Amino acid sequence: MLQLVPRLLSHLLEEPAFWACSSLRRVLSGGEPLLPVTVTTFAERMHADLYNLYGPTEATIDSTSWRCQPQGDEAAIPIGRPISNVHTYVLDSQLRPVPIGGAGELYIGGSGVARGYLHRPELTAERFLPDPFSQIPGARLYRTGDQTRFRADGTLDFLGRLDQQVKIRGFRVELGEIETELARHPAVQDCVVVAHEDDFGTKHLVAYVVPSPEQTVKSAELRHALSVSLPNYMVPAFFVTLPTFPLTPNGKIDRVTLTRTSLQVEADRSQERGPRTPTEEILIGIWQHLLHQESLGPSSQFFACGGHSLLATRLIARIRQTFQVELPVSTIFATPVLADLARTIEAAQQQGISSLPPIEPGQHEFPPLSFGQERLWFLDQLTPGDTAYHARWDFACTDHWQSRC
């Protein structure tokens, strides 16, 4: 028998000497998600049974087990059913059972649950709760912090850590869901998705990818594949290709080291050319500042390089300030390629579309409205007296400044 983490197992499967271990009968793998490609490779090269194990230290390590079979196109390997004397529950925030197929937090009960954390009563009370489903006095559940769901046959799927839930531009995103979809791509051997925060406090999704043997991974292909099954806000802004992932001493992914890896947007330098006009040259500088990327050119695409709707508004502001033209935000969506946007800016300059309406003092009883004021006037004509568009801040602001004074 052999027990090891999935990542070490995948390395061993590349060694012909390991394939020749005819006395090996059972391999137990746990500690992190087991990838379908590892299961398939194992079935092709080994004459042994592979078991996917799951369990936290607080439940005496292993709590569930699953005898693996090649999953085909399925991207997630189940963590199986509870072992003897262990009970598992998928519950919501009110400790109510979640219906089959619904995602919830996994709670573990039974003989394997530990007594608590040494000299940490507050944390013990937070993570070890009275078991409402047990008839045994004093029985408790351990709150794992892992998101799971029951399949129709009673087996469990591991969906990721609950603390991996991040907010991207106001949307709640489960990083595990993105990793699951990304793992479906045949050119991807392993992947990790993290949320990276730039200097402006904006979070971007970054996918770190290890290519399958003899495969070439291109960002455009991965982005297109994910856009088919995921909404736009869940498609990573950056794809970073690595030969291997940095590992901790116990063989798990070292996410701290991984997040320090510099972000590089994949660029086909053989086809990239330099700016042809002063407008393109200036616009490249603006994009480099906003997107934090150096390898940009006229054929770069704004959203493929990490841009999004919030950055589009900032780009419009920089264009207004630099080129003295007023363009709607929709222009970025209509012409996301840098060269096309540069031509749009030049056309606006030739047509004399200035950034603000000309105001000549003394010639108007009331100065002309700005574009923002015209928008508010138009909305008021649609729904007179409606203040839903506005945020009431006057009283809070008054109290704030009175306290400061």
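Buried means under 20% relative accessible area, exposed means over 50%, and partly exposed lies in between (1.4 Å probe, protein chains only). Helices (H or I, at least four residues) and strands (E, at least two) are DSSP runs, numbered from the N terminus.

This is a predicted model, where local features need pLDDT of at least 70, side-chain atom pairs count only at pLDDT 80 or more, and totals for chains, interfaces and linings use all residues. Residues are numbered from 1 along each chain as its sequence is written, and side-chain values use heavy atoms, with hydrogens and water left out.

**Whole chain**

Start with everything shown. The protein chain has 13 helices and 15 strands. Of its 405 residues, 39% are buried. Contact means heavy atoms within 4.5 Å. Among contacts between residues at least 6 apart in sequence, 55% join residues at least 24 apart.

**Stop 1: strand β7**

Select 104-110, which is β7. Here 6 of the 7 residues are buried, so the strand is largely enclosed by the rest of the structure. Two strands pair if DSSP finds at least two bridges between them. β6 (residues 86-91) runs antiparallel to β7, joined by 6 bridges. Look for Val86 opposite Gly110. β9 (residues 140-150) is also antiparallel to β7, with 5 bridges. There, Gly109 has Leu141 as its bridge partner.

**Stop 2: helix α3**

Select 36-45 for α3. Its buried residues are Pro36, Thr38, Val39, Thr41 and Phe42. What covers them? The cover includes α1 (6-12), β2 (26-30) and β3 (49-54).

**Stop 3: two loop residues**

Select Ile61, in the loop between β3 and β4 (64-67). Its phi is near 70°, a positive value in a residue other than glycine. Ile61 is partly exposed, at 42% relative accessible area.

Then select His119, in the loop between β7 and α4 (121-127). Phi is positive at His119 too, near 60°. Is His119 buried or exposed? With 73% relative accessibility, His119 counts as exposed.

**Stop 4: an open sheet**

Select β13, β14 and β15. These 3 strands form an open sheet in the order β13-β14-β15, with mixed pairing. β13 (188-197) and β15 (238-241) are at the edges, each with a single partner strand, so one side of each has no neighbour in the sheet. From one strand to the next, the twist averages 25°. β14 (residues 203-211) pairs with β15 in the parallel sense over 4 bridges. Find Val206 and you will see Phe238 of β15 opposite.

Axes are lines fitted to C-alpha atoms, for helices over the stretch in contact, and angles run from 0 to 180 degrees between N-to-C directions.

**Stop 5: α5 against α6**

Ile178, Glu181 and Leu182 of α5 meet Leu222, Leu226 and Ser229 of α6.

**Stop 6: Asp254**

Select Asp254, in the loop between β15 and α7 (255-259). Asp254 is buried, with a relative accessible area of 18%. Beyond its neighbours within four places in sequence, Asp254 contacts Pro246, Leu247 and Thr248.

**Stop 7: the nonpolar cores**

A nonpolar core is a set of buried Ala, Val, Leu, Ile, Met, Phe, Trp, Tyr and Cys residues joined through side-chain atoms within 4.5 Å. Which members of the largest core touch the most others? Select Leu283, Trp287, Leu315 and Ile319, from a core of 23 residues. α8 (278-291), α9 (309-323) and α11 (338-350) each supply at least two of its residues. A second, separate core has 20 residues, including Val166, Val173, Ile178 and Val209.

Zoom in on Leu283. Apart from neighbours within four places in sequence, Leu283 contacts Ile319, Phe323, Leu338, Leu341, Ala342 and Ile345.

**Last stop: Thr331**

Select Thr331 in α10 (residues 330-334). At 10% relative accessibility, Thr331 counts as buried. Not counting residues up to four places away in sequence, Thr331 touches Leu341 and Thr344. To finish, draw a line between the C-alpha atoms of Thr331 and Ile345: they are 14 residues apart along the chain and separated by 9.8 Å.
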